[in-house]
Every structure is written in C-alpha cells, then in structure tokens.
Amino acid sequence: MISSIKPASSSFSTTTISGNISRSIPTKLQFSPLHVIKNCHNQSFNSNVSHQKPLHISTTQNFSFKREVKVEAYEADRSRPLDINIDLPEEKSSQKLKIGIYFATWWALNVVFNIYNKKVLNAFPYPWLTSTLSLACGSLMMLVSWATRIAEAPKTDLDFWKTLFPVAVAHTIGHVAATVSMSKVAVSFTHIIKSGEPAFSVLVSRFFLGESFPLPVYLSLLPIIGGCALAAVTELNFNTIGFMGAMISNLAFVFRNIFSKKGMKGNSVSGMNYYACLSMMSLLILTPFAIAVEGPKMWAAGWQNAVSQIGPNFVWWVVAQSVFYHLYNQVSYMSLDQISPLTFSIGNTMKRISVIVASIIIFHTPVQPVNALGAAIAVLGTFLYSQVNNTHFVMKYLVLE
C-alpha cells in the first residue's frame, strides 16, 4: 500500500555531504492511507520544511538537512465522498421506539385475541367455524384495503401462488389444531404446550432436512420438553384432544415456517401482503372441510344457543376474535421486516408469557405450584433455544460467507 506521511512522533537519519557525519534529526511523521492523485518527483527543500502537504520519502541516500532529497507528495482525493457510517443518537432512539411499539402492539393484540377466542369457544364450541371466520374476516379486511388503496396490492403470478400453497396447507392445519386445543383446555395450557415448538423444529430439520445442530441447541431442548411434560402431567383440566391439538399445531407451524423460507426467497411481496394472501388461500382450503366436519345445521343450533345465553355481546365477541386474530398475525409478519430473527424469537417468547399470565388472571385458571414451575421451565427453555440457535445460525452464515 502506498502511504502518505503527516507530522507525528518519529525520527530518521541524515548525512551531510561535506563531513560524512551522521546525526539523528527528530521529525514528526504519521502514516495515513490516502488515495494517490498526484506524484511530484525530485523536489527540493531546505531547513524550513513545509508540512502543508503530506510527504512520502522514497530514499534517504545523500540526504542532507540543507540538500536535495527525492520525495513524492500525495494529496487526498477530495472529489470522492467519504463512506462514514455514523449511528446518530436520534436514529437509534427512534428505531428502539419503533421496535417497542411493534412489540407492545403485537403482545396486546395477541392477548386480546386469545381472551375473546376462548370466550367464543366456551359459548360456541365449534372450532372449525371459528377458525374459518377468523380467516374470512382477515381476507375481507385486506381486500377492502387494496380496493380503497389504503394498502398497495401485491403483484403476484402463478408461481407465487404455487409456492404459497404448501404454506397455506400447513398454516390451515396449525390454525385449526390450535383452536381445537383451546376449545378443550385452558388457554394457558395450550400456550405452554405450544412453547415446545422449537423441539419440533429441530427434530424436523434433523430427520427430514438432514440439518445438523451443535450440542448446545440439543441441550436447550431438554428444559423445553421437561417443562411441557411437567405442566401436562400436573394440569388439573387435562384433555387428550386439547393436548394433541396443541402438539399438531406445533408440528404444522414448523412445516409452515420451512415452506415459508423456501417460498419467500427472491419474493418482493411485503410481510403484510404475504400474510393476506396466505389467509385467503387458507380460507379456500379450510371452508369445505369445516362444512364437512361441523356443517350449517350444527352452526345454526349452536349460534342460537350462544345468543340466548350470552345475548348480543356474543356477536361482538365473534367479530373481535376474528379481527384481532388477523391484526396480531399481520403485525408479527410486519415486524419481521424491521427486526432480526433473534429479536423476533425473544419477542415471541415474551408474548407467550404475557398470554399465559393474562389468561390465568382473567379466566381464574387454577394453577398448582408444580404446574407453574413446569410452565416457567418450558418458557425458559424456549428463550435459551432462541439464543443458542440464532448464534448457530450466525456462525454458519459467517462460515458460508
């Protein structure tokens, strides 16, 4: 590298021509990597050496304090702008505030959805129709947003919908299974079991995709599995269908995430529009199955019974759970565009804690100390998994780069 010299603390030797006497002359020199735009050869100088331009000394032969010396002068290129990345305090504060708003909105919407969803299922135990109404409401909201230009409609083609189809199938199964689980057991228990999703993610990636993980990732699964098992064994209102629904939901959402990663590669559709398209395709998949499993006759009888017991508020509950279901999922997809996967994983863990605590308080769910311990261990294991797994991902990425 060619360097220029600026005044700094250093020294060099010179020799007078007349007396061949060597002596050390203190001079201040500092090296600074600058772009070369000018070379000046065979310049002369006297004892009043000017330091206005940085100097590069190519030789010190026959160098005298009062004689000629061969030098090269370089000047910085002022025509090129300097690439300086400076994080201003205002920008950092605004970004932190934005992330905080995303998290607060995400958690609040999710808590509200789970509360109204459980209220609806307690009065109207038809999870297939409830799941269908959630997807239908979200699809309608996005269609209206696109038609009124509140949101820009995505530009899609046939290949996009082909890659979206397996994602929609997995999303539909996971959504219905989770709703079935909540119709049979407490909201807190469903979310405790759903905190075991990382274990399914590792197992599917290992045995179906052939992906290997370091030992810390496997060790982080032990508290997750142990905590979920302890919570399940000590659950007062344990139900097999509710437990299996939560487990199936975990497995389905793992495959949804895998298919989503493949489908999103090279895709320019935003997170909000991607989830909107996902909801619409899931609605088309779910509707015929909901009609076959439950049917309009059961829905009509159940609806009449719920309205007679609850009153007009029941209609508001149905609308609220449908709207908040779409909104909390939409915000979660939008947040992925603003935060890192690690931050998202931590936020998802904290969200689950907020849902468990809020549902226990609102529905007065009886919790034994051992059951609470199992829930805490499972959630802690999920947090540890998010830490070690994202560290593994970053290291793997750096190696590939």
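Which residues does L278 touch, not counting residues up to four places away in sequence? L278 touches L164, V167, A168, H171 and Y333, where contact means heavy atoms within 4.5 Å. This is a predicted model, in which local features need pLDDT of at least 70, side-chain atom pairs count only at pLDDT 80 or more, and totals for chains, interfaces and linings use all residues. Residues are numbered from 1 along each chain as its sequence is written, and side-chain values use heavy atoms, with hydrogens and water left out.

**Nonpolar cores**
- A nonpolar core is a set of buried Ala, Val, Leu, Ile, Met, Phe, Trp, Tyr and Cys residues joined through side-chain atoms within 4.5 Å; buried means under 20% relative accessible area, exposed over 50%, partly exposed in between (1.4 Å probe, protein chains only).
- The largest such core has 30 residues, and L278 and W146 are among those with the most contacts inside it.
- Two or more residues each come from α1 (89–123), α2 (127–147), α3 (158–184), α8 (271–293) and α10 (313–335); helices (H or I, at least four residues) are DSSP runs, numbered from the N terminus.
- Helix α8 gives the largest share of this core, 10 residues.
- Another core, of 14 residues, lies apart from it and includes V202 and Y385.

**Around Y218**
- Y218 lies in helix α6 (residues 215–233) and is partly exposed, with a relative accessible area of 29%.
- Beyond its neighbours within four places in sequence, Y218 is in contact with V202, R206, S212 and F213.
- The C-alpha atoms of Y218 and Y385 are separated by 8.6 Å, although the two are 167 residues apart along the chain.
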